[in-house]
Amino acid sequence: MMRWLFQSRRLLALLALVVLVLALLPNRIVDRITHGPSHAVQMPVGPTSRGIRRVGLWLRPESRENGSAREGDETLKSERDMAVLRYRRLEDELREARERIEQLSQVREQMKNSTVDLLDARVTAWVSEPSAATLRISRGSKAGVGYNMVVASGINLVGRIADDPGAFTANVRLITSANTALAVRIVPAELDAPPREAVATLYAGGNPNELTAVVPATQVVREGDVAYLSDDGWPEEARALVVGRVAGVLPEPTDPLLRRRVVVRPVPTLPALSRVIVIVPHTLEH
């Protein structure tokens, strides 16, 4: 009995020494030494552990059901999120379609006696240069777009095609580009307001959001009035399109008693437009 105990103590001491040596060795050496024995132990133990797990799930079916339920909930949540995303996209498409129809209808009503085609175009870029502010659109000569054609947003004047368009794109020079001059009529916005009219020439001075005119103090112009294009230098189909609304009437600094400075802002923010309409006359081949 004492001899067996003595041998057990020797074995225990030997194991402790082996563990101590392994603890001092680098990890890669320990992995190589222990890989074989650990694999030999896992081979008979692995099936047993899997069997014990299956028995545990069988004894506790609610764990299995809860796991399946959670997976089902996640699937339903993903499907719901995708359905909501599709719905929102359809909402956006419907809103854009309604806006385009409304713009086309407004221009068509404004030009009911004109023979023109209304070509819807998407704005792809905005280029601001010292000499001009320009929108690039997704229509070109292949769609019938030509030089100097009028571009609008609803009944609001945006600009005109600046140069010979490419096959699939064209540049629109905005009415707020530097050195632009536009002859306009400024009238009340309300149709039932007392009739009055101011004739002026609006100038763009580099601000992409406004034009200004100087008028005699005797001409009555009020904030909120509408400026309509009345310029012989523009194509006939641009007549009576809205240039903008009066945003302010101020004394002219150089002659405050006799003249007023009128500030007009386009109704849509031109650099922020996403779609426009190119007005294509029937008389041009396209």
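**Reading the model, feature by feature**

A: This is a predicted model, so confidence comes first. In the protein chain, strand β11 (residues 259-265) has the highest confidence, with a mean of 96, while helix α2 (residues 27-59) has the lowest, with a mean of 58.

Q: What is the mean pLDDT of the protein chain?
A: The chain averages 78, and 63% of its residues reach 70 or more.

Q: Is threonine 180 buried or exposed?
A: Buried means under 20% relative accessible area. Threonine 180 has 8% relative accessibility, so it counts as buried. You will find threonine 180 in the loop between β5 (170-174) and β6 (181-187).

Q: Which residues does threonine 180 touch, beyond those up to four places away in sequence?
A: Threonine 180 touches Arg173, Leu174, Ile175, Leu202, Tyr203 and Ala204. With arginine 173 there is also a polar contact between the two side chains, at 3.1 Å.

Q: Which residues touch the most other members of the largest nonpolar core?
A: They are Ile137, Ile186 and Val243, in a core of 47 residues. Leaving aside neighbours within four places in sequence, the contacts of valine 243 include Leu157, Val184, Tyr228 and Pro266. Ile175 and Leu202 are also among the contacts of valine 243, and both touch threonine 180 too.

Q: How many aromatic pairs are there?
A: A pair of aromatic rings is described by the distance of the centres and the angle of the planes. Here the count comes to 0.

Q: Where does the charged end of arginine 160 sit?
A: Over the ring of tryptophan 234, 4.1 Å from the ring's centre.

Notes. Residues numbered from 1 in each chain as written. Predicted model: local features only at pLDDT ≥ 70, side-chain atom pairs only at ≥ 80, totals over all residues. Heavy atoms only, no water. Helix = DSSP H or I, 4+ residues; strand = E, 2+ residues; numbered from the N terminus. Buried < 20%, exposed > 50% of the residue type's maximum accessible area, 1.4 Å probe, protein only. Polar contact = N/O pair within 3.5 Å; in protein donor to acceptor, adjacent residues only side chain to side chain. Contact = heavy atoms within 4.5 Å. Core = buried A, V, L, I, M, F, W, Y, C linked by side-chain atoms within 4.5 Å. Phe/Tyr/Trp six-rings, centres within 6.5 Å; stacked < 30°, edge-to-face > 60°. Lys NZ or Arg CZ within 6 Å of the ring centre and 35° of its normal. pLDDT = per-residue confidence, 0-100.
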